[in-house]
Amino acid sequence: MAALSKNYNSNQIILGPCDVWLNVALPATGSRLVLTSGTPDDATSGSAIHLGMTEAGVTFEYTPEIQDFTSDELTAPHLSRIVSESARITGNFLQVFNWSILERMTVGGKRNTAAGDTGYEELTFGGLSDITTFPVAVIGQDIQGTNQFWVIQLYKTFNRAGFSFTVTRRNQSQAPFEFVGQAITSRPANDQIGNFWHMGTANS
C-alpha cells in the first residue's frame, strides 16, 4: 500500500485582473474564441466592446437546479436530474460615461450622436420590447506566463441589471452588470450556454 499524492499546485489558481468584452464572436461548435495577445482578435471580433474598468473585478457563477425523485419505499432519492441551469457574470463597471458601453448595457436604450459645435451624445430609452443579445467574454492572464490566458464566454446574453448609478463627491460612479446566459438550441447538448477554457499547456 502507498500514500496518495496531495494536489498542491499554485499554477492552478486564478489571480486577476481580467477584462470583460461585449459583443465578441460566437465560436462554432468545437471551437473557441480567437485571441490575439489576450484580447479578442479583430478579424473575428471586430465589433467587440471592452467594458473598461470594474469596481472589484467580476464573479462567474454556474448553478444547476436539481430535481430529486423519491419513492415511498426508500429514505433517500433514487434518481436526480438537472431541470434548469443558470450561468451568469456579474460585477460593477466604472466607465458609465462611455456611450458605446451604455447602449449595450441598457437593453431598452438607443445611442444618438451629432457632430460639430452643437454636437452631443445621448442615450434615449422607453418603448422597446425586443431585446438584442450578444456574446460576452471574460479574459484573464494565466498565472504561469504572459502568453497563456483563460476565457469564460457566454454565447447569448444581455445585461439584466439595467442601468443605475449614484453621483456623489466622495465616490466614483459605478453601475451593476448581470449577464445571464441563454441557451442556443441549435448547438449540441452540454455546449448551448457557454464555455470556460484555457489556452496553452494544460494545467491538470
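**Ground rules.** The model is predicted, so I keep to its limits: local features need pLDDT of at least 70, side-chain atom pairs count only at pLDDT 80 or more, and totals for chains, interfaces and linings use all residues. Residues are numbered from 1 along each chain as its sequence is written, and side-chain values use heavy atoms, with hydrogens and water left out.

**Entry 1: the five-strand sheet.** I looked up an open sheet with the strand order β4-β1-β9-β10-β12 and antiparallel pairing. β4 (49–50) and β12 (194–198) are at its edges with a single partner strand each, so one side of each has no neighbour in the sheet. I noted that strands here are DSSP runs of E with at least two residues, numbered from the N terminus. Two strands pair if DSSP finds at least two bridges between them. Strands of a sheet pair through backbone hydrogen bonds, either parallel or antiparallel. Inside this sheet I checked β9 (residues 134–141) and β10 (residues 149–157), which pair in the antiparallel sense over seven bridges. Phe134 has Thr157 in β10 as its bridge partner.

**Entry 2: the three-strand sheet.** This open sheet has the order β5-β6-β11, again with antiparallel pairing. Its edge strands, β5 (54–69) and β11 (175–180), pair on one side only. Between β5 and β6 I found 13 bridges, and Phe60 stands opposite Ile89 in β6.

**Entry 3: Glu85.** I then picked Glu85, which is found in strand β6 (residues 79–93). Setting aside neighbours within four places in sequence, Glu85 is in contact with Tyr62, Thr63, Pro64 and Ile193; contact means heavy atoms within 4.5 Å. Ile193 is 108 residues from Glu85 in sequence, yet the C-alpha atoms are 9.0 Å apart.

Entry 4: The peptide bond from Gly16 to Pro17 is cis, with omega near 10°. Pro17 is in the segment before β1 (18–22). Ser37 is not a glycine, but has a positive phi of about 55°. I located Ser37 in the loop between β2 (35–36) and β3 (39–40), where Ser37 is exposed at 69% relative accessible area. Asn190, also not a glycine, has a positive phi of about 75°. Asn190 lies in the loop between β11 and β12 and is exposed, at 78%.

Note on methods:
Helices (H or I, at least four residues) and strands (E, at least two) are DSSP runs, numbered from the N terminus. Buried means under 20% relative accessible area, exposed over 50%, partly exposed in between (1.4 Å probe, protein chains only).
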